[in-house]
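Here are my notes for your first read of this entry. Keep the viewer open and check each point as you go.

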Amino acid sequence: PPRSTLFPYTTLFRSGTYNEVVNVPTSGTAGNPIIFVNNGTALVTGFTITSKNYIVLQGLYIGNHSSVSTPGVYLTATSHITITQCNINYTGGKGIRFSATNASDHAVIANNIIIWSGYNGTGDYGIDVYGDYNLIDSNDISHAADYTHVHGSYNVVRNNTFHDSSS
């Protein structure tokens, strides 16, 4: 991914296409989260966040996968991840996927547009959540085989718009 930074905890993606899945290398803290933000019209293939905390993905364009199973964002054993104002489209797998075996908690997934989840939009969920205390709020999810699956306790799903199912 691009290495230009505005502040020590913010990574700006300049305009362009980044044909890679970004593996987030470090955690932030409650007062200093690691923030990935779009500074133009960048398209990133995806993000994998494993055993990291306090990460923010904001205003990113994520997708255009050629792989059948690659999700737009994949979370494994994370805490306090925020995904907001992103456009996640044409993913190879789920738009946003939480690991079923190493669940994540305290995530906020809000104000995103998630379309055509699954290879060619024919076979996957918009959001697949495993974990506790997660908030799924005000997302627009369309052209997915199924919109949202939520597993765990104390999760909140509210104010989302679901339309134009692909199944």
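The points below run from the whole chain down to single residues.

1. **Model and confidence.** Remember that this is a predicted model. The average pLDDT of the protein is 88. A score of at least 70 is reached by 89% of the residues. Residues 1–7 are another matter: there the pLDDT is below 50. This stretch still has 14 contacts in the model beyond near neighbours in sequence. Read that part with care.

2. **Overall make-up.** How many helices and strands does the protein have? The count is zero helices and 16 strands. Of the 167 residues, 47% are buried. The accessible surface is about 7,600 Å². Carbon and sulfur atoms hold 48% of that surface.

3. The whole structure holds seven aromatic pairs. One of them joins Phe-13 and Phe-36. Their centres are 6.3 Å apart, with 40 degrees between the planes, and the pair is tilted. Phe-13 sits in strand β1 (residues 10–23) and Phe-36 in strand β2, so this pair ties together parts 23 residues apart in sequence.

4. Now turn to Tyr-90 and Trp-116. Their ring centres lie 6.1 Å apart and their planes meet at 15 degrees, so the pair is stacked. Planes under 30 degrees apart count as stacked. This pair also links distant parts of the chain, 26 residues apart. Tyr-90 is in the loop between β7 (87–89) and β8 (96–98). Trp-116 is in the loop between β10 and β11. Tyr-90 is partly exposed, with a relative accessible area of 39%. Trp-116 is partly exposed as well, at 25%.

5. **An aromatic cluster.** Which residues form one aromatic cluster? They are Phe-13, Tyr-18, Phe-36 and Phe-47. Phe-13 and Phe-36 are the tilted pair from point 4.

6. **Positive phi values.** Most residues other than glycine have a negative phi. Two residues are worth a look here. Trp-116 has a positive phi of about 55 degrees, although it is not a glycine. Its loop runs between β10 (113–115) and β11 (125–130). Ser-51 has a phi near 55 degrees, again a positive value in a residue other than glycine. Where is Ser-51? It lies in the loop between β2 (34–50) and β3 (53–58). Ser-51 is partly exposed, with a relative accessible area of 46%.

7. **Gly-152.** This glycine lies in the loop between β14 (146–151) and β15 (156–158). Gly-152 is exposed, with a relative accessible area of 58%. The cut-off for exposed is over 50%. Which residues does Gly-152 contact, leaving aside its neighbours within four places in sequence? The partners are Gly-131 and Asp-132. Gly-152 and Asp-132 are 20 residues apart in sequence. In space, their C-alpha atoms are 5.2 Å apart.

Methods. Residues are numbered from 1 along each chain as its sequence is written. This is a predicted model: local features need pLDDT of at least 70, side-chain atom pairs count only at pLDDT 80 or more; totals for chains, interfaces and linings use all residues. Side-chain values use heavy atoms; hydrogens and water are left out. Helices (H or I, at least four residues) and strands (E, at least two) are DSSP runs, numbered from the N terminus. Buried means under 20% relative accessible area, exposed over 50%, partly exposed in between (1.4 Å probe, protein chains only). Accessible areas come from the Shrake-Rupley method with a 1.4 Å probe; for residues, only the protein chains shown count as cover. pLDDT is the predictor's confidence in each residue, from 0 to 100. Contact means heavy atoms within 4.5 Å. Rings of Phe, Tyr and Trp (its six-membered ring) pair if their centres lie within 6.5 Å; planes under 30 degrees apart count as stacked, over 60 as edge-to-face and the rest as tilted.
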